[in-house]
Amino acid sequence: MPVLPVSSFKSGAKVFGKYLDQPALVEKLYNVMPAVLTGTAAGYGIYDTMHSPKEQRKKRAVKNASVLGFTVASALLATRGLKIKGKEIFEGIIELPESDKEGIARVLTRPLSQKARQLVEKVKEEKVLKFGEVKELMNEFKEKFKDDKLISKVIPDAESEAPFADLLKLSWLGLIPVLGGIAGGVVGDKLTKDDWKKQFPDKVKEGTYQYLNNIALCNVGAGLGALTMNAFNVKSKTARFVAMMSGVLGVGLVAGSAIANFIGKNYINPLFEKDKKHEHKPFKEMIKNLNSERHPEALDVSLHLDDVASVGFVSGLKWIGPVLPMLYSVSAYRAGIGYRNGHEKQLHGAQKTDSAKTVV
C-alpha cells in the first residue's frame with residue numbers, strides 16, 4: 001500500500017480544517033442540532049424504557065420523558081437563547097462565526113479564474129463549499145498569488161480571541177443542562193408520585209459531581225494551559241491545544257473526581273443532613289475515603305470527550321459549538337436520575353441495596 005507523504009497529509013488536514021471553518025457550514029449544523037438532539041434523546045428514552053421490567057415501564061417512560069425533556073429544552077435554550085414574538089428574552093451562549101464580507105469583496109477585485117470567482121461568489125451567497133472546492137480555491141490562491149493566507153479572507157479563521165471568556169461560557173453552557181436535568185428528575189418523581197424530597201439529595205450530589213468532574217474543573221485545567229502558553233507567548237495552535245489538553249488531564253481527569261467528591265462529602269452532604277450535628281473535622285478526616293462518595297467509572301472517563309471538544313472550540317474549531325449541548329446532556333441526564341455508584345438508578349424506583357448504604 002502506498003504511503004502518503006507527510007506534506008500531502010498536512011495539506012489535506014489544512015484544507016479539511018478550512019472546510020470546517022465555513023460560517024455557512026457551522027450555521028447549517030447549528031440549525032439541524034435541535035432535531036438531532038431531540039431525536040437522540042427520544043430514541044434513548046424509548047430504548048431505556050423498553051429494556052426495563054414490564055411492570056415498571058409506565059413509570060420509567062414518564063421519568064425518562066421528564067428528565068430528557070427538561071435536559072434537551074435547557075440545553076437548547078442555553079445554546080440558542082430565547083425569543084418570543086421576535087423579542088429576545090435572553091441571548092444564547094454559543095455565537096455563530098460571521099462571514100468577512102469586506103474580505104470577500106477585496107478578493108473579488110483580484111484577477112481570479114472564472115471557476116475561482118464562482119466559488120468566492122458562492123461563499124458570498126452563504127452557501128457551503130464542498131471539500132474539493134475549498135481545495136481548488138486554496139490551490140489557486142497559492143499558485144497564482146503566492147498567498148496561503150488569502151483563503152482566510154473568504155473563509156475566516158475561527159481562532160478564539162478570548163479563550164478564558166469562551167471557557168467561562170462553556171462552563172455556563174454545561175451548568176444549565178445539569179440544572180435542567182435535576183429539575184426534570186424532580187418533576188418526574190412528582191408525576192409518578194415518588195418521594196421527590198427523599199431522592200432530591202442524590203440528584204444534587206450527582207449533578208455536583210457531573211458538573212465539577214466532567215465540565216467545570218476540566219475548563220479550569222484548559223484555562224491554566226492557555227495561561228501558560230500566553231506567559232511564554234506561544235502562538236502555535238497545536239502547542240496551545242496540547243497545553244490545554246494537558247491541563248484538562250491534570251485538573252479534570254486526574255484530580256477532578258477527588259475534588260468533586262471532597263466538595264460533595266464535606267459541603268453538599270451536610271446541607272441534607274440537618275438532623276446530624278456537624279463539627280469541624282481535621283483535613284485528614286475530610287479527605288478520607290473520598291471514592292466511597294462516588295468512584296470514577298468508564299462512562300465518566302468517556303464523558304471527557306466533551307473536554308476535547310471544548311478545547312477544540314476554544315482553539316478555533318467553531319463547528320464544535322453546536323454539538324456541545326449533546327455532549328453535556330449525558331451529564332445532565334445522570335444528574336436527573338440521581339445516579340450514584342452502588343445504587344440502583346432512582347429512575348427505576350428500586351430500593352437501595354445493603355451494600356449501597358455506605359454510599360452517601
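Modeller: Take leucine 119, which, leaving aside its neighbours within four places in sequence, is in contact with Leu129, Glu133 and Leu137. Keep in mind that this is a predicted model.

Colleague: Why is leucine 119 called buried?

Modeller: Its relative accessible area is 3%, and buried means under 20%, so leucine 119 counts as buried. The residue sits in helix 5 (residues 114-124).

Colleague: And why does methionine 245 get the label buried?

Modeller: Methionine 245 has a relative accessible area of 14%. That value is under the 20% limit, so the label is buried. Methionine 245 lies in helix 10 (residues 237-254). Leaving aside neighbours within four places in sequence, methionine 245 touches Asp307, Val308 and Val311. Its C-alpha atom is 9.4 Å from that of glycine 312, 67 residues away along the chain.

Colleague: What makes lysine 18 and aspartate 157 a salt bridge?

Modeller: The closest N and O atoms of lysine 18 and aspartate 157 are 2.6 Å apart. A salt bridge needs a side-chain nitrogen of Lys or Arg within 4 Å of a carboxyl oxygen of Asp or Glu, so this pair qualifies. The pair links distant parts of the chain, 139 residues apart: lysine 18 is in helix 1 (residues 6-20), and aspartate 157 is in the loop between helix 7 (151-154) and helix 8 (163-191).

Colleague: Are lysine 18 and aspartate 157 buried or partly exposed, and why?

Modeller: Lysine 18 has 6% relative accessibility, which is under 20%, so lysine 18 is buried. Aspartate 157, at 47%, lies between 20% and 50% and therefore counts as partly exposed.

Colleague: How many salt bridges does the structure hold?

Modeller: The structure holds eleven salt bridges. One of them joins lysine 127 to glutamate 125, with the closest N and O atoms 3.4 Å apart; that distance is also within 4 Å, so the pair counts. Lysine 127 is partly exposed because its relative accessibility is 45%.

Colleague: What is the distance for lysine 63 and aspartate 194?

Modeller: For lysine 63 and aspartate 194 the closest N and O atoms are 2.5 Å apart, and the pair forms a salt bridge. Lysine 63 belongs to helix 3 (residues 57-80) and aspartate 194 to the loop between helix 8 and helix 9 (196-231), 131 residues apart. Both lysine 63 and aspartate 194 are buried. Salt bridges that share partners join Lys59, Lys63, Asp189, Asp194 and Lys203 into one network.

Colleague: How do you know that helix 8 is close to its expected length?

Modeller: Helix 8 has 29 residues and spans 42 Å from its first C-alpha to its last. At 1.5 Å a residue, 42 Å is expected, and the span is close to that value. Just after helix 8, lysine 193 has a positive phi of about 60 degrees.

Colleague: What describes the packing of helix 2 and helix 15?

Modeller: Helix 2 (residues 23-50) and helix 15 (residues 324-336) pack at about 30 degrees, with axes 11 Å apart. The crossing is right-handed.

Technical notes: Residues numbered from 1 in each chain as written. Predicted model: local features only at pLDDT ≥ 70, side-chain atom pairs only at ≥ 80, totals over all residues. Heavy atoms only, no water. Axes fitted to C-alpha atoms, helices over the stretch in contact; angles between N-to-C directions. Helix = DSSP H or I, 4+ residues; strand = E, 2+ residues; numbered from the N terminus. Left-handed = near helix turned anticlockwise from the far one by under 90°. Buried < 20%, exposed > 50% of the residue type's maximum accessible area, 1.4 Å probe, protein only. Expected span 1.5 Å × (residues − 1). Contact = heavy atoms within 4.5 Å.
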